[in-house]
Amino acid sequence: MSLLLTLSGVNTFYDRLHVLKGASLHVNEGEIVALLGANGAGKTTTLRTVCGLLRPASGQVSFAGQSIVGRSPEALVRLGITQVPEGRQIFGPLSVQDNLLLGAYGRGRRAQRTEVPGDLARVFELFPVLAERRHERGGSLSGGQQQMLAMGRALMARPRLLLLDEPCLGLAPLVARQIMETIVALRAQGTTILLVEQNARAALRIADRGYVMETGKVVLEGTSEELVRNKDVRRAYLGKDYDEV
Amino acid sequence: MTASALLQFLLTGITVGSAYALVALGFTLIYNATGIINFAQGEFVVLGGLLFFTFAEVLHWPLAVALAAAVIIVALIAVIVERLAIRPLMDHPVLSRIIITIGLSVILRGSAKLIWGVDAHSVRPFSGDASLMIGGAALQVQYLWVMGLTALAVIAVRLFFDKTITGKAMQACAINAEAARLVGISVPRMVQASFALSAGISALAGAVIAPVTFASYDAGIVLGVKGFCGAIIGGLGNGLGAVLGGVLVGVLENLGVGLAPTGFAGLQDAFAFLILLLVLFLRPQGLLSRQRTEGV
Ligand SMILES: Nc1ncnc2c1ncn2[C@@H]1O[C@H](COP(=O)(O)OP(=O)(O)OP(=O)(O)O)[C@@H](O)[C@H]1O
Ligand SMILES: [Mg+2]
């Protein structure tokens, strides 16, 4: 398997607050990798550093073999990195369809005419409820539907690497499961996925590998089976009841 | 006051108000894209009028060409101004950028004074001096041009926001700049586009109103203030509100002049503020409630 994304020794600051303290991880092409950790561990900061919203003070970030430090998010979307941000961040006043079309904004005029209509149809196939409500305001959708919209919008960019920041936060269990199934389906279609989740159990169920972050560093890594079996992970993130399952 | 006199003030009010409406819309476009109140907005109007004067009256270009050239040049000036004076301050508080626009207005006004002098320049109406008589009131044909072109510009802006992907991308920037970047929209480019659009329609206002009011280097302050009042009255950030607000300011100040006892007519410019205060007192969020995200 070839390396798609590599972070090595990445340090990221918010002004003077040192948040990522030498974080290192990698994602292979075609993998689902889970990034776990408690509140404030630096998971979101890691994703924001990868997608170009934050610039690391030092360390290397490379994508498909080239360094991407200092590239703008706009440029990285064109390169194949798309983030579904924490809290969905859809364009509430715009229609569902416009949200999706804007997802393909970075793809150039030719693609807008030739490929985008087909991609839109595929997103509607993946999330039929979005097709039903395509003319409604994005903001009028339920939480789960907004998450689908945020994912659909990201897919319209045809990403090679999809960054998902807590896609199941605040969703009913059934909807959360549906989102997780969609992630698996996307990977089957060839999209590589870096998934941030607080719900370690759900994330490790679908991921190939995982990393555990604590206060800005990766403290543990392994395959999903290794992490599920690991004592520290079980105590800190899986809870006691996991033993009974 | 007779009915025909009332009608006369109303027609004049709608005409002048149309120009205010375009200025108000100009304020709204820049405000939505950047959060800036652009105090140089009135200067864009003045430059539009003066350039149109030069092209049409001095160089004798065909009217349509002169109009288009004035609009495009002012839009380009706005793009340059944004690039040199606003963008470098992108990481600074919005207040510093607002204050920069005050400086810009002084510079633009000074330049206009150097180039065109202190005299007011008169510009011929687009299609002769003819007037139509309606119910005892005279309707100059130029008034129809002002109203018609304003309506066209407002519709065009509306279609741009509703129907084009660029227009939607501009809205997306105003709604959530970070999410816009994550779908590949360059926010600086959209800000630039909104300055161009905003300045272009303000220049259009300056050009079409020039035959009615003369073009002079120092008219920008008053025009800017009236347009600003329109934008606030409509609910700052609401494009349609801004257009209605602008027309309302024009109509009420002209009716006010007509209805005021003789001797008070000189207070015309104060009416805009009076209306503004009244609206802010009765309906602080503006006539149409605040919807920052809509273009028009
Ligand atoms: N915009 C910001 N400005 C300053 N500090 C921030 C900012 N965003 C996050 N932080 C701080 O950086 C640290 C890491 O935050 P981050 O959002 O990356 O954590 P997280 O792992 O995503 O947590 P959560 O599970 O709550 O989303 C926290 O201490 C947080 O307070
Ligand atoms: Mg987070």
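**Around the ligand**

H1(A) gives three residues to the shell around ligand 1, the largest share. Helices (H or I, at least four residues) and strands (E, at least two) are DSSP runs, numbered from the N terminus. This is a predicted model: local features need pLDDT of at least 70, side-chain atom pairs count only at pLDDT 80 or more, and totals for chains, interfaces and linings use all residues. Residues are numbered from 1 along each chain as its sequence is written, chains are lettered from A and ligands numbered from 1 in the order in which they are written, and side-chain values use heavy atoms, without hydrogens and water.

Around ligand 1 stand 14 residues (a heavy atom within 4 Å). Lys43(A), Thr44(A), Thr45(A), Glu86(A) and Gln198(A) come nearest. A polar side-chain atom of Glu86(A) lies 2.7 Å from a ligand 1 oxygen. For Glu166(A), a polar side-chain atom is 3.2 Å from an oxygen of ligand 1. The protein covers 61% of the 630 Å² of accessible area that ligand 1 has on its own (Shrake-Rupley method, 1.4 Å probe).

**An enclosed strand**

Now turn to S8(A), residues 192-196.

S8(A) has parallel partners. Strands pair if DSSP finds at least two bridges between them. S3(A) pairs with S8(A) over four bridges, and five join S7(A) to S8(A). Leu163(A) stands opposite Leu194(A).

Key:
A polar contact is a pair of N or O atoms within 3.5 Å; within protein, one must be able to donate a hydrogen and the other to accept it, and residues adjacent in sequence count only if both atoms are side-chain atoms. Buried means under 20% relative accessible area, exposed over 50%, partly exposed in between (1.4 Å probe, protein chains only).
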